[in-house]
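This report describes how the chains of the model meet one another. Please look at the structure below before reading on.

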4 protein chains.
Amino acid sequence: MTTPDAPEIDAEAWLNTPHPFTLAALRGQVVLLHAFQMLCPGCVLHGTPQAQNVHRTLTGRGVQVVGLHSVFEHHAVMNRAALEVFVHEFRLTFPIAIDRSGATGQPIPRTMQAYGLSGTPSIVLIDRAGRVQLNHFGPINDIELGAQIGRLLQAA
Amino acid sequence: MTTPDAPEIDAEAWLNTPHPFTLAALRGQVVLLHAFQMLCPGCVLHGTPQAQNVHRTLTGRGVQVVGLHSVFEHHAVMNRAALEVFVHEFRLTFPIAIDRSGATGQPIPRTMQAYGLSGTPSIVLIDRAGRVQLNHFGPINDIELGAQIGRLLQAA
Amino acid sequence: MTTPDAPEIDAEAWLNTPHPFTLAALRGQVVLLHAFQMLCPGCVLHGTPQAQNVHRTLTGRGVQVVGLHSVFEHHAVMNRAALEVFVHEFRLTFPIAIDRSGATGQPIPRTMQAYGLSGTPSIVLIDRAGRVQLNHFGPINDIELGAQIGRLLQAA
Amino acid sequence: MTTPDAPEIDAEAWLNTPHPFTLAALRGQVVLLHAFQMLCPGCVLHGTPQAQNVHRTLTGRGVQVVGLHSVFEHHAVMNRAALEVFVHEFRLTFPIAIDRSGATGQPIPRTMQAYGLSGTPSIVLIDRAGRVQLNHFGPINDIELGAQIGRLLQAA
């Protein structure tokens, strides 16, 4: 099988959950990883509401939505305290990992690097066996996203 | 297996296709049957654009969208000539069956009766084996609809 | 003054009112004339909901919205009976004139001709003195439309 | 005349303008003051895009849109540096005042206090003579807002 195993999430902290998540522990579920930045308009206006909608619609039916706050610009103002306000005010309820900062001089955080994400918003779909089945940057049609999730839910 | 076989479409005529469709001939594909009336606001504003979106997104990937114009009220003004104008002006491109009129005194057309539809818009999903897997009246979330289609696409 | 006097509405019939309206009798009010066809997508999806919104927002404050069903194509299927169903189903509540048919061989109805409308949807704004102050074909921003109505309301 | 004179804007700094604005210098124009917080969903999703739309539609026609960043909660994360990123990323182009902090222990900034604003988003309309004509908290219909601006534009 040539589909890549999904790299583990490397998080500095988690919001909306009393305990960290690991992809290892999510084997058996389809995972939608929503990479975003709190001051990215394409995230705030489209990607993040879409992730919240998937969470509301499909949680408990084999799907786990995980947010990934992958800050690669304007790091100083998109810090943890700011993110906590954003998450509270916008009423996001899915668990959110704060992506771990890169090495000195590397603005791209570690999980974003590991997945080779092109920017935010990005969606990664991980199948029940922990393999990456979609790595998509930018907007995606709800019907298309739903259909891909549905296929992964049904796959043997 | 207790899932019902989908009743065949009983059409007076077809639009957007040079030949009639039959569910029998569509075995092997997932069929989305979109029952609508051209002067039903929930259809014009939501259901029919959604069906057109599924058609645009998933045609050629194992999904066939079929419209079903099931007129159960105001029959005189939602006739074939009016429907042809509607389909042309709203640029609908999926094949559309005109549901056959019921017996005298029965306002509900025959395919609508056979499926036991509650009104318009309704969505029926038919799996690759020709069995009804969803029969839904009213609005449905694109993520939910996409996920159900995706499951049927992947099912053995 | 070079602003043209608004031609009188020439209607075959009226819906949503027990009595015909005349522009003459509406002197002192700002009139928004919304020309539409019931099977024109730009009307159904944008122009007509906008007219309904102006009606709901500004009626009783010096503004009268008047619909004008100006059929210039597909006459047979956009007849009075069909329009009555459309108006009922889409819950339009402003008064609507059915524009009078043109002479034989002339598809454009008479009020549409008199105003020189380019198509549907069109908006005509008529000031308190009965003069045409806007004759606009196609979409118009709600802020722009509101501002033009507001100016006419305040004008001496 | 009992309409109150609009209190002057008390700003710590301005964005999107090389020089501070004063209401005094804007006499003769209609001013739309849009009070917002960069992490308030009702602002980000509705109020601020509406203000940007008024700016794009009516600037140069007697209307000046002025943003007022009135932070009354979560002060630490809605600071100037964060606002600058927000304004850049969301492509806001109207001038924006950063409302001056209140006295120690007073979370409500000074201009917000002076206008008695109830929260964000709020819209204040100021007429050509510098008087407050609307002080509105929460969403407002574009047609209603446009009509009120239009009336003020036309008022003697």
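## Symmetry of the copies

To compare two copies, they are superposed by least squares on the C-alpha atoms of residues with pLDDT of at least 70 in both. In this predicted model, chain D can be laid on chain C with an RMSD of 0.0 Å by a turn of 180 degrees, together with a shift of 0.0 Å along the axis. That is the relation of a two-fold axis. Of the interface residues of chain D, 100% are interface residues in chain C as well, so the copies meet through the same surface.

## Confidence

The predictor gives the model an ipTM of 0.95 and a pTM of 0.95. For chain A the mean pLDDT is 97, and 99% of the residues of chain A reach 70 or more.

## The contact between chains D and C

Chain D and chain C each bring 18 residues to their contact. On the chain D side, α1 and α4 (142–154) each supply at least two residues, and α4(D) gives the most, with 12 residues. The residues of the side of chain D that touches chain C divide by class into 8 nonpolar, 7 polar and 3 charged.

## The contact between chains D and A

Where chain D meets chain A, the contact takes 13 residues from chain D and 13 residues from chain A. Here α1 (41–58) and α2 (80–89) of chain D each supply at least two residues of the side that touches chain A, and α2(D) gives the most to that side, with 5 residues. By class, the residues of chain D on this side are 11 nonpolar, 1 polar and 1 charged.

Helix α1 (residues 41–58) of chain A packs with helix α4 (residues 142–154) of chain B at an angle of about 60 degrees, their axes lying 9 Å apart, and α1(A) passes α4(B) in a right-handed crossing. From α1(A), the residues Asn53(A), Val54(A), Thr57(A) and Leu58(A) take part, and they meet Ile143(B), Glu144(B) and Ala147(B) in α4(B). Sorted by class, this contact of α1(A) with α4(B) has 4 nonpolar, 2 polar and 1 charged residues.

Which chains are not in contact with chain A or with chain B? Chain A and chain C do not touch, and their nearest C-alpha atoms are 21 Å apart. Likewise, no contact joins chain B and chain D, whose closest C-alpha atoms lie 21 Å apart.

Technical notes: Residues are numbered from 1 along each chain as its sequence is written. Chains are lettered from A and ligands numbered from 1 in the order in which they are written. This is a predicted model: local features need pLDDT of at least 70, side-chain atom pairs count only at pLDDT 80 or more; totals for chains, interfaces and linings use all residues. Two residues are in contact if their C-beta atoms, placed from the backbone, lie within 7 Å. Helices (H or I, at least four residues) and strands (E, at least two) are DSSP runs, numbered from the N terminus. Ala, Val, Leu, Ile, Met, Phe, Trp, Tyr, Cys and Pro count as nonpolar, Asp, Glu, Lys and Arg as charged, and the others, Gly among them, as polar. pLDDT is the predictor's confidence in each residue, from 0 to 100. Axes are lines fitted to C-alpha atoms, for helices over the stretch in contact, and angles run from 0 to 180 degrees between N-to-C directions. A crossing is left-handed if the near helix is turned anticlockwise from the far one by less than a right angle, and right-handed if clockwise.
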